[in-house]
Amino acid sequence: MPFFAGEIFVSEVYKKPVLDQTGEEIGKLKDVIVGLGEPFPAVTSVVISSGKDTYVVSWDMINLFNRRVISVNARMDVLKPAEAASSDILICRDLLDKQIVDINGAKLVRVNDLELGDVKGKLCLVAADIGLRGLLRRLGIEKRGEKILAVFKYKLQRKLIAWTYVQTVEPKLTRLTLTVSRQKVSSLHPADLAEIISEVSQKERTAIFGSLDVETAAEALHELEPRVQVDIIDDMSKERASDILELMPPDEAADVLGDLPEAKAQELINLMEKEEAEDVQELMEHEDNTAGGLMTTEFLAFPPDMTVEEAIKELRLEAPNVETIYYLYIVDQNEHVNGVVSLKNLILAMPQALLSDIMLTPVKTLPQDAEQKDVAEFVSKYNLLAAPVVDETGALRGIVTVDDVVDFLLPTASRKKRRKL
Amino acid sequence: MNIPPSLVAGCLESTQPVKMVEWIRKIKDRRIFVILAVIGPGVIAGNAGNDAGGIATYSIVGAREGYGLLWVLVLITVALAVIQEMSSRMGVVTGKGFGDLVREQFGVKVTLAIMLLFIVANLTVTIAEFAGIAASMELFGVHKNISVPLAAFLVWLVVVKGNFKQVERFLLLISMTYLTYVVSGVMSNPPWHEVARQIALPRIRMDSDYILLFITMVGTTITPYMQFYLQSAVVDKGVRIEEYGYAKFDVYAGAFMTIFIAFFIVLATGTILHPAGIVVDSAEEAAQALQPLAGPFASHLFAVGLLNASVLAAFVLPLATAYGLSEAFGWESGVNKSFREAPQFLGFYTAFIVIGAGVIMIPDAPLIKIMFLSQTVNGVLLPFVLIIMLRLVNDPSVMGEYVNSRRMNIISWITVSILILLTVMLLVTSFMLA
């Protein structure tokens, strides 16, 4: 099996000498051939050119493949000159500098560089570099360029498009078509960003996270596997980490903090805004996979004597801060749940009606120590989008939304897998 | 644009309205409409070669040498037609601009080098066009602080607000205004026999004045921006391969018209200024010098011609730059696009106009130095563009079956070699003079 470094840009290995078993130079790396694999095409062979001859060497025969050394696990004299087949995809010839168009055919930018990375032990094409950094790297002045731009207070960012966004490539293509529209490219969905992030090495990952704005980082962080989350939070400055945690829904922030060493978690909680910190602290006290651990403390609760009109007004104010607005819980002074009003019923009701008139009773609730499985069954049985969770006194403490238990409701195979490193 | 005589006759003979309708339907299928639909990029690109600098050169050539260099125009026509045809063909066959092809076939380094030269070359020429607008309007007593911003705004507005069709028609209209020079030339009442004799049997001299004028003439008429513009405009227009015959006609008509206009400029100054022994150094001086000798009308025609030429090129240069850069970096481009759809394309277009006009507004701007830089950078760029063009047009992976034929290659390589030789000579001499 070839030994390669975590991530390599094609421009860094292009025209690098390729050595044979004995250390003799066979020629220069001319191109890299990839298969048609999904979502990331794997490297199948490399093309080496030496004078007029070209050699196509299968990936299995490569010994080392990194920025400094590329070596073949054979002697030079056993290699026979060959040409790449016309159906092959050569990434320098066929992909580099090609036009990228969005799903509507609008031109975006060209492929400045291509990133190869480790996907489940295979070297695969993982992303297209579309930024200035890629352009400078092609010119061989990435580091110098970065320093010069730093003088002008310009931070050179990484601009990559994950290969998952590129429609299947075919031989002899003239342009790369994305699966998204151009408006979406600047704000790639965090879940997919997470995908590319788990494909790259730890160092790169921290760099990528560093370049994201706090909100995107908050969303992306949740999509990662717990161990990766911990790594990233660990590498980040404490201030930034706590900023990101504040922006995450409290239940998700609690999940992340729960996986950190206790001292570090406490330190971060202390840096967070008081209100958010309290919510998170409360959630962290519950077992991870019980209703108490799954729930979010942000929900809509209104008194029974409120009119529909007032409730809608209030709803507008509260909506941005809560996870779901489809259920309004009607609670008394003791925070006991008297009833529930769905968003639909609220909108259809007369403005002057009281919430107590239109609410549905009684409301099924869950105890905080209910198992995740029971929560899932509960949600499924009553067809709910969220389930209310009450403490021993019957006071409403939070809600578990359907997305937190959906994994349990689906057959094993289609469950969303947390991305592993 | 020839309507077959039989058709015209058929029309005149027919008296019944039904037949008339039929005739209209028939003529709609005729080639003339296809030609009219396809014509544009070649004519505009060619005429844009007769920009402020071109007009100045031709005026000077006529004033200094009379009809002695008219024969060169015949050669330039051929060279222009050969080069422009290849540009147009590449655009039609590949559906890509020159910038696209350079980036895809030659990579980042070559592209950046070409683009850097291209930006500097075009920016300096754009400044020259706004200088031409200022100079011509000053002949009518309009101060440059009024004429230049107005012209800049017009040039900007038409492209930003108009669609491709409207912009092309507008530019074609401007191209037709060049015919004022034909009027000037004919009005000067030249001795036609003598003109014909000097073209057929030129007395070629080997002194430096003559050779320098010869080279400058060629250098000013064939410039990189014309090739960039032509190919991009053909692509933006969406000319299809079936229509290529007409696109070729467009290119040849453009080349002919360009030199036809140049011919009459030389004729006018050669007939009026040369015998009087008046030496001019610019187009506006030529216009002024015509006043006492040929009357105010001739002078005004020349001024209008200069204004017109400057305005056309003030459109074409920023457009060519915006097209070229957008292609090289893969940004959305096209006259039909809005600022939101193609921000970089229209951004560069706007920036070029603002800078080009802005420099002219600066009091005591070093225009002579800028023009020298312009000539130098264009001279450096042209050989690279031509060689890259020949390599692209002969690459089967780019052009498929539409690569140059052997005969075409012989003609084009000779043309390109001569052009490169002359360009290098121009560079050397201009440095020696500087």
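**Questions on chains A and B**

Biologist: Does B:Ser59 count as buried or exposed?
Modeller: Buried means under 20% relative accessible area, exposed over 50%, partly exposed in between (1.4 Å probe, protein chains only). B:Ser59 has a relative accessibility of 0%, so B:Ser59 counts as buried.

Biologist: What kind of model is this?
Modeller: Residues are numbered from 1 along each chain as its sequence is written, chains are lettered from A and ligands numbered from 1 in the order written, and side-chain values use heavy atoms, without hydrogens and water. Local features need pLDDT of at least 70, side-chain atom pairs count only at pLDDT 80 or more, and totals for chains, interfaces and linings use all residues, since this is a predicted model.

Biologist: Which helix holds B:Ser59, and what is B:Ser59 in contact with beyond its neighbours within four places in sequence?
Modeller: B:Ser59 is found in helix α5 of chain B; helices (H or I, at least four residues) and strands (E, at least two) are DSSP runs, numbered from the N terminus. Contact means heavy atoms within 4.5 Å. With neighbours within four places left out, the contacts of B:Ser59 are B:Ile265, B:Thr269, B:Val280, B:Ala283, B:Ala286 and B:Phe302.

Biologist: How many helices and strands does chain B have?
Modeller: Of the 434 residues of chain B, 56% count as buried. Among its contacts between residues at least 6 apart in sequence, 83% join residues at least 24 apart. The tally for chain B is 19 helices and 0 strands.

Biologist: How does α5(B) lie against α12(B)?
Modeller: The axes of α5(B) (residues 52-65) and α12(B) (residues 208-221) come within 9 Å and cross at roughly 155 degrees. Axes are fitted to C-alpha atoms, for helices over the stretch in contact, and angles run from 0 to 180 degrees between N-to-C directions. Under 35 degrees counts as roughly parallel, over 145 as roughly antiparallel, 65 to 115 as roughly perpendicular, the rest as oblique. The crossing therefore makes the two helices, α5(B) and α12(B), roughly antiparallel.

Biologist: Which classes make up the contact of α5(B) with α12(B)?
Modeller: From α5(B), the residues include B:Tyr58, B:Ile60, B:Arg64 and B:Glu65; from α12(B), they include B:Tyr210, B:Leu213 and B:Met217. By class, this contact of α5(B) with α12(B) has 6 nonpolar, 6 polar and 2 charged residues.

Biologist: How does α8(B) lie against α15(B)?
Modeller: α8(B) (residues 144-161) packs on α15(B) (residues 283-329) at an angle of about 55 degrees, with their axes 10 Å apart. That makes α8(B), relative to α15(B), oblique.

Biologist: How many nonpolar residues are in the contact of α8(B) with α15(B)?
Modeller: B:Leu154, B:Val155, B:Val158 and B:Val159 of α8(B) meet B:Val311, B:Ala314, B:Phe315 and B:Leu319 of α15(B). No polar and no charged residues take part, and the nonpolar count is 8.

Biologist: Now to chain A. Which residues point one way from β17(A), and which the other way?
Modeller: Strand β17(A) (residues 327-331) is mostly covered, with 5 of its 5 residues buried. In a regular strand the side chains alternate between the two faces of the sheet. A:Tyr327, A:Tyr329 and A:Val331 point one way, and the other way point A:Leu328 and A:Ile330.

Biologist: Which residue stands opposite A:Tyr329 in β18(A)?
Modeller: The partner strand is antiparallel to β17(A). Opposite A:Tyr329 stands A:Val340.

Biologist: What is phi of A:Glu335?
Modeller: A:Glu335 is in the loop between β17 and β18 of chain A, a hairpin with 5 residues between the strands. A:Glu335 is partly exposed, with a relative accessible area of 37%. Its phi is positive, in a residue other than glycine, and near 65 degrees.

Biologist: What is the relative accessible area of A:Asp97?
Modeller: A:Asp97 is found in the loop between α2 and β10 of chain A. Its phi is also positive, near 70 degrees. A:Asp97 is buried, with a relative accessible area of 4%.

Biologist: What is omega of the cis peptide bond between A:Thr361 and A:Pro362?
Modeller: A:Pro362 lies in the loop between α17 and β19 of chain A. For this cis bond, omega is about -10 degrees.

Conventions: Nonpolar A, V, L, I, M, F, W, Y, C, P; charged D, E, K, R; others polar. Pairing = 2+ DSSP bridges.
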